[in-house]
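Please work through the exercises below with the sequence and the structure at hand. Each task is followed by a solution in steps.

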Protein chains: 2
Amino acid sequence: MSNNKLPTIKEIAKRLNVSASTVSRALHDHPSIGLVTTMRVHKVAKELGYEANKMAIYFKERKTYTIGVIIPDLSEPFFSAALTGVEDAAEASNYNVIIGQSLDNFEREKKIVENMKDHRVDGVLVSLTKETSTYEHFDSLKKYNIPVVFFDRVPNRKDINYVACNLVSGMLQAITKLVGIGHSRIGLINGPAKLAATLQRLEIYCRCLKENNLPMDQDIIVSTTLAKADNVKAIDKLLALEEPPTAIIVFNDYVLLDCIAAVKAAGLVVNKDISFISFANLPIWEYMESVPLGSIEQFANKQSSMAAEFLFQMINNANKPNSPELPLLQHIIDSEMIDYSSAK
Amino acid sequence: MSNNKLPTIKEIAKRLNVSASTVSRALHDHPSIGLVTTMRVHKVAKELGYEANKMAIYFKERKTYTIGVIIPDLSEPFFSAALTGVEDAAEASNYNVIIGQSLDNFEREKKIVENMKDHRVDGVLVSLTKETSTYEHFDSLKKYNIPVVFFDRVPNRKDINYVACNLVSGMLQAITKLVGIGHSRIGLINGPAKLAATLQRLEIYCRCLKENNLPMDQDIIVSTTLAKADNVKAIDKLLALEEPPTAIIVFNDYVLLDCIAAVKAAGLVVNKDISFISFANLPIWEYMESVPLGSIEQFANKQSSMAAEFLFQMINNANKPNSPELPLLQHIIDSEMIDYSSAK
DNA sequence: AAATTTTACGCAAACGGTTGCGTAAAATGG
DNA sequence: CCATTTTACGCAACCGTTTGCGTAAAATTT
């Protein structure tokens, strides 16, 4: 059983018959304390193994040196990479990171925000739930002077701080590449209509087709609920067309995995009979034999660490007394198509 | 700009011309406070939007309701699953989780421990670095009454609290299964000698062979540094034998992925010419066409959440004044071979 | 030697809330 | 009507550290 009593400043003060304030100042080598006293204090402090109780200091400072990160799901490599990005940035600033997984559940997200408020984190980083469409729970953090920065899955609002990823650049690279190697009939397997990401992909797809002077054909645009059976149905529908696409942009890697299986089942060969480009979430293609021509990378790590930097800027700015009101911190990172076609 | 001043108990007290202690008691509906006063306090509290500053309470309680988790690498699905297990358990107990990635670096691990001590976490969960062989940095937490529970990668000591995974059960299932379907020449591709896991696998492999009355042949035991080229070299060495094994136990899934590629490159067919069983770390086999016959699952989530339960037991026990000195909390979970042979 | 400055330290409040103890005033008992 | 209990609240300490201000004693100046 350990002593249970950690040495405090008062303890040192008592032993030396001086006041706690003298000890505190001596420990910081404050000039107003005599040299001998300072040395005696240091000596006793060392003997007792004294260490300042940071929680007491933090409490006085009204800070916790902790930030919260709210993400949908750690089992997604995208988000675990994002968390790592945050942790790296936080470590560099001597901050701690507490996590909360919303599991794409709005109520959980609210609860996590509440909890982080209770713990008085110095700031919050969020990647939203798919369900989230109202933001009062984040607005309420303003009352506690807790800044919020969103990343990747960000609210559809102007008055927020965020880092997001622009899918246009990657999609443009993808379609340009496909056109470059001779494809002119490029399909799209999109996600469920209710997801913002779905609409976004459709818009960008159309734009990029146009930029490449390709016609748009509704027949080669299909969607899936993201369920496995539905993914297969979607790709089969395209393959069954009279004139099937020769290349397909796929909603994400999970969908693509099912598509590849279906293509093989149909006796076709990936990258010969049909080519794919998808939106990256899985770091697995280097191990697979059938791979997409490329993946549109959204740089989870880069997004999250930049969001963390923004957050620290806001936190530090708030600490300065004459803070000149920071402008909104917003940044959009370009996605990039990672080319796999040369790899195999 | 928000008001910067959150309402406090003192603020309420001032408005009602009562003392802070009365307000505090009224807010908790303490019987010694008159009904009218209590109601007036509640009313003003509501008007002001008063919420207790938990940090102040925690500081007084000398608790933080936060536990720390130290794991090697979040990008490994095993550890992100483990973290999720911890978070689930923590949420159920109203605790927060702060994370630290050691990146398999001993110095980082020490630094993280130090940091968590500074933040006075109520307890720590650890899965050790591959480099860690001394444990003073954890012992030092005793001084602060911070309990520690290890999981999965645990110290080689008796006097610790831990949850670990027993590989024997899974390996035995694996070899028994292989024997059952006619294999009698079962190889082993092991990891680098310096890893504890390597020695462990070798021992268990030998034991399980013996239990199935199979002879041991040094020729079909090879090792790899875990680098891709070396993985390929290892499997090629086995395939080049006069009498190659018909089944191989592989160190882990990463190694196996390279092995499968090498087998295909050699013109052989997985699960026909040669079969594999590996130690699971990747949740990818459901998407692959060539899969091992089975994977030995070590239940990251179960291990970590049980470790968290242990930790909470220790924390709660320490809070009780007449704590009857908890015994060491130790548990070993059986690994299990997950059978994929029927799936394809 | 008296006046002034400097040195070296203590007091007390502050952060926000909790709690043991003391005590007026009101209610009850005899 | 006096003695005792109950009711309802305030005081002050506490958690551990920091910091503005005040002040004796010592050192310096004249």
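Predicted model: local features only at pLDDT ≥ 70, side-chain atom pairs only at ≥ 80, totals over all residues.

Residues are numbered from 1 along each chain as its sequence is written, chains are lettered from A and ligands numbered from 1 in the order in which they are written, and side-chain values use heavy atoms, with hydrogens and water left out.

**Exercise 1. Describe the protein surface near DNA strand D.**

Step 1. A residue is near the strand if one of its heavy atoms lies within 4 Å of it. Around DNA strand D there are 27 residues, of which A:Ser21, A:Tyr50, B:Thr22, B:Gly34 and B:Thr37 come nearest. Of the atoms of DNA strand D within 4 Å of the protein, 54% belong to sugar and phosphate.

Step 2. Sort the residues by class, with Ala, Val, Leu, Ile, Met, Phe, Trp, Tyr, Cys and Pro as nonpolar, Asp, Glu, Lys and Arg as charged, and the others, Gly among them, as polar. The surface near DNA strand D then has eight nonpolar, twelve polar and seven charged residues.

Step 3. Inspect individual atom pairs. An N or O atom in the side chain of A:Ser24 is 2.7 Å from a phosphate oxygen of DNA strand D.

**Exercise 2. Characterise the aromatic pair of A:Tyr95 and A:Phe312.**

Step 1. Rings of Phe, Tyr and Trp (its six-membered ring) pair if their centres lie within 6.5 Å; planes under 30 degrees apart count as stacked, over 60 as edge-to-face and the rest as tilted. By this rule there are eleven aromatic pairs over all chains.

Step 2. For A:Tyr95 and A:Phe312, the centres are 4.9 Å apart and the planes form an angle of 50°, which makes the pair tilted. The two residues are 217 residues apart, A:Tyr95 in the loop between helix 5 (77–92) and strand 2 (96–101) of chain A and A:Phe312 in helix 12 (residues 300–319) of chain A. Helices (H or I, at least four residues) and strands (E, at least two) are DSSP runs, numbered from the N terminus.

Step 3. Both A:Tyr95 and A:Phe312 are buried, where buried means under 20% relative accessible area, exposed over 50% and partly exposed in between (1.4 Å probe, protein chains only). Together with A:Tyr58 and A:Tyr65, A:Tyr95 and A:Phe312 form one aromatic cluster.

**Exercise 3. Is B:Ser133 buried or exposed?**

Step 1. B:Ser133 is found in the loop between strand 3 (123–126) and helix 7 (136–139) of chain B.

Step 2. With a relative accessible area of 55%, B:Ser133 is exposed.

Step 3. The C-alpha atoms of B:Ser133 and B:Pro155 are separated by 7.4 Å, although the residues are 22 residues apart along the chain.

How values were computed:
Polar contact = N/O pair within 3.5 Å; in protein donor to acceptor, adjacent residues only side chain to side chain.
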